[in-house]
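This briefing goes through one protein model by topic.

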Amino acid sequence: MKTKIYTADLLQALTKAATTIPAKSIMPIIECFLFEFIEYTLNIHTTDLETYFSTSIKIKTPLHGKIAVPNKIITTTLKNIKEDEIILDFNTDTHKLTIKTTSGSYNIATQHGDDFPSPKHLFPTNIVTGK
């Protein structure tokens with residue numbers, strides 16, 4: 001499944017969401033961004049198990065699915081991409097995200113999105129939504 005997205009919009013959303021990702025964790029999954037694709041929206045979730053953060057951005061193709069993407073790898077990659085628009089191509093079966101640009105492709109190993117902790121165990125005051 002793939003969609004086009006503006007690099008600056010994605011990087012801005014990831015920067016906001018990264019504020020709740022712990023520097024170190026005994027659970028590697030919470031060092032990731034949860035990408036949840038619902039129709040024309042990419043929801044990005046993070047948690048440190050005390051606070052749950054969500055933000056969303058619009059995408060150009062309706063998609064469904066979720067994957068957990070390592071935060072440091074994707075943010076470093078996006079900071080080095082000079083193009084305005086990129087293609088995100090993700091495969092939930094192989095757990096791989098490919099970022100395609102006119103100058104090349106970047107493959108990122110991901111984790112299963114269902115392994116990401118849900119906010120159900122948190123009090124409502126610990127859930128933050130950003131735009």
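In what order do the four strands of the open sheet stand, and is the pairing parallel or antiparallel? The order is 1-4-5-6, and the pairing is antiparallel. The model is predicted, so local features need pLDDT of at least 70 and side-chain atom pairs count only at pLDDT 80 or more, while totals for chains, interfaces and linings use all residues. Residues are numbered from 1 along each chain as its sequence is written, and side-chain values use heavy atoms, with hydrogens and water left out.

**Open sheet**

- Strand 1 (2–6) and strand 6 are the edge strands, each pairing on one side only.
- From one strand to the next, the twist averages 25°.
- Strands and helices are DSSP runs numbered from the N terminus (strands: E, at least two residues; helices: H or I, at least four).
- Two strands count as paired if DSSP finds at least two bridges between them.
- Strand 1 and strand 4 run antiparallel and are joined by five bridges.
- In this pairing, T3 stands opposite L88 of strand 4.
- In general, the strands of a sheet pair through backbone hydrogen bonds, either parallel or antiparallel.

**Strand 2 and strand 3**

- Strand 2 pairs with strand 3 in the antiparallel sense, over 15 bridges.
- F37 has G65 of strand 3 opposite.
- The hairpin of these two strands has four residues between the strands, and L49 takes a positive phi near 75° there.
- Strand 2 is largely enclosed by the rest of the structure, because twelve of its 16 residues are buried.
- Buried means under 20% relative accessible area, exposed means over 50%, and partly exposed is in between (1.4 Å probe, protein chains only).

**Helices on the sheet**

- Helix 1 lies across strand 1 and strand 4 and runs at about 85° to strand 1.
- Helix 2 packs on the sheet, where it touches strand 4, strand 5 and strand 6, and its direction makes about 5° with that of strand 5.
- Axes are lines fitted to C-alpha atoms, for helices over the stretch in contact, and angles between N-to-C directions run from 0 to 180 degrees.
- The axes of helix 1 and helix 2 come within 10 Å and cross at roughly 145°.
- The crossing of helix 1 past helix 2 is left-handed, a term for the near helix being turned anticlockwise from the far one by less than a right angle (right-handed if clockwise).
- On the helix 1 side T7, L10, L11 and L14 meet I74, T75, L78 and K79 of helix 2, with contact meaning heavy atoms within 4.5 Å.

**Two sides of helix 2**

- N71, I74, T75, T77 and L78 are the buried residues given for helix 2 (residues 71–79).
- These residues lie on the same side of helix 2, because they cover an arc of only 160° around the axis, the arc being that of the directions from the helix axis to the C-beta atoms.
- The buried residues pack against helix 1 (7–17), strand 2 (32–47), strand 3 (52–70), strand 4 (85–91), strand 5 (96–101) and strand 6 (104–109).
- Exposed K72 and K79 are on the face turned away from the buried side.

**Aromatic pairs**

- The structure holds three aromatic pairs.
- The F35 and F37 rings have centres 6.4 Å apart and planes at 75°, so this pair is edge-to-face.
- Rings of Phe, Tyr and Trp (its six-membered ring) pair if their centres lie within 6.5 Å; planes under 30 degrees apart count as stacked, over 60 as edge-to-face and the rest as tilted.
- F35 is buried at a relative accessible area of 0%, and F37 is buried at 2%.
- For Y52 and F116, the centres are 6.4 Å apart and the planes at 70°, so this pair is edge-to-face.
- Y52 in strand 3 and F116 in the loop between strand 7 (111–112) and strand 8 (127–130) are 64 residues apart, so the pair links distant parts of the chain.
- Y52 and F116 are both buried.
- F35, F37 and F90 are linked into a cluster by ring pairs.

- T7, in helix 1, counts as buried at 5% relative accessibility.
- Leaving aside neighbours within four places in sequence, T7 is in contact with L78, I81, E83, D84, E85 and I86.
- T92 lies in the loop between strand 4 and strand 5 and is partly exposed, with a relative accessible area of 30%.
- Not counting residues up to four places away in sequence, T92 touches K66 and I67.
- T92 and Y106 are 14 residues apart along the chain, and their C-alpha atoms are separated by 16 Å.
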